[in-house]
Structure formats: structure tokens, C-alpha cells
Amino acid sequence: DVTDIAIIRVGNASAAALIGFLEDLYEGEATFPVDVPVPAGTTDFSQFIAAAEAEDVGGVNLAVGEQEGVQVIEAGQQLGTDLLIGTSLGSSSHASVADLGDFASQMVFTWSFPPATYDLPVYEALRADLAASGEESLQLENLKGSPMRSWIGLYGLLRMIRDAEMTEFTREGITAMLDEATGVPMLGIFGDEDWTPALDHPGAYTRAGINHWVTWKWDPDAEAPNGLEGNFVETGEINFDELMCGSSLGAPEPC
């Protein structure tokens, strides 16, 4: 429900175009009055939160690297800001968000598939497989969205190989299998959406993959597996093609 949003982004020329794309995408439903680049080597991250507060926006969206994002969030917590802070589950683990305490209620997350702590039957296998590595970053409380992609991608590949009854593996054979596969079941990872690898989406992101995106917030009282306290809860769904429709990034209307 925030309509005036500041963008805190990486400080390069290509990222400077982000505001224009967002304004085109939301067509007045949301405005982006503050564009704050984060120069390389920055040590004082409170200035970026202060810049957003000075313009009286309702929230900020982080378009920076993981380490810079963590420091912006910590700066917001230290300043006691009331701003909502938008980021992704790709760089947010259960432990890192739980450690924010009450400030975690001001975080808004988005990602194309649920966090590792989500109650989904196939995630029991995902959690067990990744935890078996012994790596600290792959244990449930530390597991972020980005490392989960490899497991999900491997599942999809194995499913297609099994369905194609493939026994000989060549570059040409794998390519043909990916081009021909349709409706690969994703076991609820992307809602009720299946996956067709060779499907081209209209617009700039032709190989966007899955259409299903979800927004999340933190609930300290929500149930979580393995005795963890608090969890991410779903607050909304986004269809990628529908969101992009009619913008410079999507298909022309009608979509």
C-alpha cells in the first residue's frame, strides 16, 4: 500500500535507468521521487535512509548488492526509521531477518518461489539435501533464495530426463529435450504453475521462465520447521506477464 517509493540502487549508469522503467510500468499508480545511487566504497549508509525520509516517501526499494543491502537495512534500524524496506528473498535468510527483531515487520520481500522455511512437501527433500552438505550457509536458518535455484533446476532437469526416458546424454540431445519439454510439474514451488523451458514470454524478458511471483512479510508468531521461531507469510501474488503488459518492458496491449 505504499505509493511513493525511493530507490536505493547501485551507482552505475545502467541502474540510473531503473526509475524511468518503473514509472512506465506503474503508470501513476506509484511514484518514485527519490533516486539514490550508492557509490562504490561507501561506509556511511545512514545517508541513504535520511535522503528517503527527507522526501517523505512511504518506503524504499533496494536495488543494490547483498552486502550493501544489509548495511542499508542496519542503518534504517539504527535510525529508527518508519519506512518500509523492499528487498528480495534471494539475499534474506530466516536467521538474518529474525535477528532484526521488531524491525523485521517493516521489511517487504519478493521472490519467484517460497523461502526454504515454507510449508511445502517437496521442500522437505530440498532442506534435507542442502543441509546434508554440511555447509553453514545451506543450513535451513541460513538458507537464502538464490542457492535454492540450483536444487530446483536440478529437479526440473531430472524430471525432464525421466519423462523423456533419456539414456544417452549429448549436447544435442539435452538441447532437443529442453526445446520439446512442456508442462514440467514444479510440485507447488511456483504455485499452480508448471514450466515450459522453451516458452518465450513477450517483451524484454523473453526467457523469464516462471510467471509466478509472490510478496512476503515477516510474522514472528508464524510456525516454521525445525523448531525455528517466526516465518515469512505470503501477502500477495504477481503475474509477471500481466504486470509487464503495456509497458516498455512487456507486450503491447491487449496482452
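Biologist: Hi! I've just opened this one. Where did the model come from, experiment or prediction?
Modeller: Hello! This is a predicted model, so please keep that in mind as we go through the parts.

Biologist: Will do. How many helices and strands does the protein chain have?
Modeller: The protein chain has eight helices and seven strands.

Biologist: And in what order do the strands sit in the sheet?
Modeller: The order is S2-S1-S3-S4-S5-S6-S7, in an open sheet with mixed pairing.

Biologist: Which strands are at the edges?
Modeller: Those are S2, residues 31-38, and S7, residues 229-239. Each has a single partner strand, so one side of each is left without a neighbour in the sheet.

Biologist: How much are neighbouring strands turned against each other?
Modeller: On average by 25°, if you ignore direction.

Biologist: Let's zoom in on S1. How does S1 pair with S2?
Modeller: S1 and S2 run parallel and are joined by six bridges.

Biologist: How does the chain get from S1 over to S2?
Modeller: The path goes through helix H1, residues 18-26. This is a β-α-β crossover, and it is right-handed.

Biologist: What about the pairing of S1 with S3?
Modeller: Strand S1 covers residues 4-10 and strand S3 covers residues 59-63; they run parallel, with five bridges between them. Ile5 stands opposite Gly59 in S3, and Ala6 has Val60 as its bridge partner there.

Biologist: Moving along, how do S3 and S4 pair?
Modeller: In the parallel sense, over three bridges.

Biologist: Which helix does the chain use to cross from S3 to S4?
Modeller: That would be H3, and this β-α-β crossover is right-handed. Helix H3 is made of residues 66-79 and lies across S1, S3, strand S4 (84-88) and strand S5 (107-111). H3 runs at about 160° to S3.

Biologist: Nice. Now the whole chain: what are its spans along the principal axes?
Modeller: The C-alpha trace spans about 60 × 50 × 35 Å.

Biologist: And why does the radius of gyration agree with a compact globule?
Modeller: With 255 residues, a compact globule would have a radius of gyration near 18 Å; the protein chain has 20 Å, which agrees.

Biologist: What share of the residues is buried?
Modeller: Of the 255 residues, 40% count as buried. The accessible surface comes to about 13,800 Å², and 50% of that belongs to carbon and sulfur atoms.

Biologist: How much of the contacts comes from residues 24 or more positions apart?
Modeller: They account for 58% of the contacts with a separation of 6 or more.

Biologist: New topic: single residues. Is Glu172 buried or exposed?
Modeller: Exposed, because its relative accessibility is 58% and the cut-off for exposed is over 50%. Glu172 is in helix H7, residues 171-180.

Biologist: How far is Glu172 from Phe190?
Modeller: Their C-alpha atoms are separated by 28 Å, and the two residues are 18 apart along the chain.

Biologist: What is phi of Leu187?
Modeller: Phi of Leu187 is near 60°, a positive value in a residue other than glycine. You'll find Leu187 in the loop between H7 and strand S6 (212-223). Leu187 is partly exposed, with a relative accessible area of 42%.

Biologist: And what about phi of Asn226?
Modeller: Phi of Asn226 is also positive, near 60°. Asn226 sits in the loop between S6 and S7, and is exposed, with a relative accessible area of 66%.

Biologist: Last one! Which residues does the cis peptide bond join?
Modeller: It joins Glu253 and Pro254, with omega at about -5°. To find Pro254, look in the segment after helix H8 (240-244).

Notes
Residues are numbered from 1 along each chain as its sequence is written. This is a predicted model: local features need pLDDT of at least 70, side-chain atom pairs count only at pLDDT 80 or more; totals for chains, interfaces and linings use all residues. Side-chain values use heavy atoms; hydrogens and water are left out. Two strands pair if DSSP finds at least two bridges between them. Helices (H or I, at least four residues) and strands (E, at least two) are DSSP runs, numbered from the N terminus. Axes are lines fitted to C-alpha atoms, for helices over the stretch in contact, and angles run from 0 to 180 degrees between N-to-C directions. Contact means heavy atoms within 4.5 Å. The radius of gyration is taken over C-alpha atoms; the globule rule is 2.2 Å times the number of residues to the power 0.38. Buried means under 20% relative accessible area, exposed over 50%, partly exposed in between (1.4 Å probe, protein chains only). Accessible areas come from the Shrake-Rupley method with a 1.4 Å probe; for residues, only the protein chains shown count as cover. A crossover is right-handed if, with the strands pointing away from the viewer, the path from the first strand over the helix to the second runs clockwise.
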